[in-house]
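The following briefing goes through one protein chain by topic, with the sequence and the model alongside. Please keep both in view while reading.

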Amino acid sequence: MITVAIIEDEPAVRKEIAYLIQQETNIELVGWADSVHKAIKLLEENQPDVILMDIQLKDGTAFDLLKKLNPIPQNIIFITAYNHFAIKAIKYGALDYLLKPIDEVELHEALERYRRRRENNPQWMQQLSLAQNSIQIGELPESIVLNSINNTRIVSVSDIVYCKGDGPYTFFFLSNGDKELISRPLKYYEELLPAPHFLRTHQSYLVNQQYISGINRSEYIVLKNKEEIPISTRRKNAILTQLFSKK
């Protein structure tokens, strides 16, 4: 049996989540709270297996709440309305989240992810901090969390040389020569690593501009390490304009 607590200040959303939880097998709702103050008591008294937590509460944010808990729980699924900056922030931190209105299938999948992932994550605090900082600055953060097949890694954005998409996967090529395989499509990271910092040169490539040394026959981007990245015909004019407009 998995126990769940709801931290949500919108009554209609809270009611809907409670209903969906009741449809799940071996899931028990232990209570709800609509504020930071009430949530502290709820979580300390019940120690739920999973916390469904809205980012914005009556008297503060989810991050304000987490600062008051010791230890900070790792079993959080964030809930948010469609807010571009909030979603980007939790993606940077590789945190699990659900969009309002809550979809029954997505909630079920999120709970299933928890069932499969009950181990301790030593980098959880860094992931939370990265997401919170991303919300506050509202621009490209210094680091991004990559959940690879074997581990969770926090990587400096400046160390990403380029990304190569392969269907539902993305390879990250780093400045120290490491390569990480992530089970997310390239399009997912195109939003998180936007222009002018990164350049989508091709359907399969996203390149960090700081590692570009030149252009070869307008067909390839030449990197400082001498690698060549293809330029798609459709993107050629836009790429050339972006690279040389300030020169």
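P101 sits in the loop between β7 and α5, and the peptide bond leading from K100 into P101 is cis, with omega near -5 degrees. Helices (H or I, at least four residues) and strands (E, at least two) are DSSP runs, numbered from the N terminus. The model is a predicted one, in which local features need pLDDT of at least 70 and side-chain atom pairs count only at pLDDT 80 or more, while totals for chains, interfaces and linings use all residues. Residues are numbered from 1 along each chain as its sequence is written, and side-chain values use heavy atoms, with hydrogens and water left out.

**The chain overall**

- The chain contains eight helices and 17 strands, and its C-alpha trace spans about 65 × 30 × 30 Å along the principal axes.
- Of its 247 residues, 47% count as buried, where buried means under 20% relative accessible area, exposed means over 50%, and partly exposed lies in between (1.4 Å probe, protein chains only).
- Among contacts (heavy atoms within 4.5 Å) between residues at least 6 apart in sequence, 53% join residues at least 24 apart.

**The five-stranded sheet**

- Five strands, in the order β2-β1-β3-β6-β7, form an open sheet with parallel pairing, two strands being paired if DSSP finds at least two bridges between them.
- The edges are taken by β2 (27-33) and β7, each of which has a single partner strand, so one side of each is left without a neighbour in the sheet.
- From one strand to the next the twist averages 20 degrees; for such angles, axes are lines fitted to C-alpha atoms, for helices over the stretch in contact, and angles run from 0 to 180 degrees between N-to-C directions.
- Strand β1 (residues 2-7) and strand β3 (residues 50-54) run parallel and are joined by four bridges, and the bridge partner of A5 in β3 is I51.
- Helix α4 packs on this sheet, where it touches β6 (76-80) and β7, and its direction makes about 160 degrees with that of β7.

**The three-stranded sheet**

- A further open sheet consists of three strands in the order β15-β16-β17, with antiparallel pairing; its edge strands, β15 (212-216) and β17 (228-230), each pair on one side only.
- Neighbouring strands of this sheet are turned by 30 degrees against each other on average, with direction ignored.
- Four bridges connect β15 with strand β16 (residues 220-223) in the antiparallel sense, and I212 stands opposite L223 in β16.
- Helix α8 (residues 236-244) lies across β15 and β16 and runs at about 140 degrees to β15.

**The largest pocket**

- On a 1 Å grid over the protein atoms alone, a cavity is a set of points where a 1.4 Å probe fits but cannot get out, whereas a pocket is an open set with protein on both sides within 12 Å along at least five of seven lines, and lining residues have an atom within 4 Å of a point.
- The largest pocket holds about 1200 Å³ of space, a volume being the space filled by probe spheres set on the points, which are joined across faces, edges and corners.
- Of the 38 residues lining this pocket, A94, D96, R113, R117 and N147 are the closest to its centre.
- Helix α5 contributes the largest share of the lining, five residues, and the elements that each supply at least two include α4 (84-92), α6 (124-137) and α7 (186-192).
- The lining divides into 16 nonpolar, eleven polar and eleven charged residues, with Ala, Val, Leu, Ile, Met, Phe, Trp, Tyr, Cys and Pro counted as nonpolar, Asp, Glu, Lys and Arg as charged, and the others, Gly among them, as polar.

**Individual residues**

- K91, in helix α4, counts as buried because its relative accessibility is 11%, and apart from residues up to four places away in sequence it touches Y97, Y188, E191 and L192.
- Q132, in helix α6, is buried at a relative accessible area of 16%, and with the same exclusion of residues up to four places away in sequence it touches F63 and K67.
- D103 lies in the loop between β7 and α5 and counts as partly exposed at 34% relative accessibility.

**Backbone geometry**

- A cis peptide bond also joins N70 and P71, with omega about 0 degrees, and P71 is in the loop between α3 (62-67) and β6.
- Q47, in the loop between α2 (36-46) and β3, has a positive phi of about 45 degrees although it is not a glycine, and Q47 counts as exposed at 58% relative accessibility.
- K226, in the loop between β16 and β17, is a residue other than glycine with a positive phi, near 80 degrees, and K226 is exposed, with a relative accessible area of 69%.
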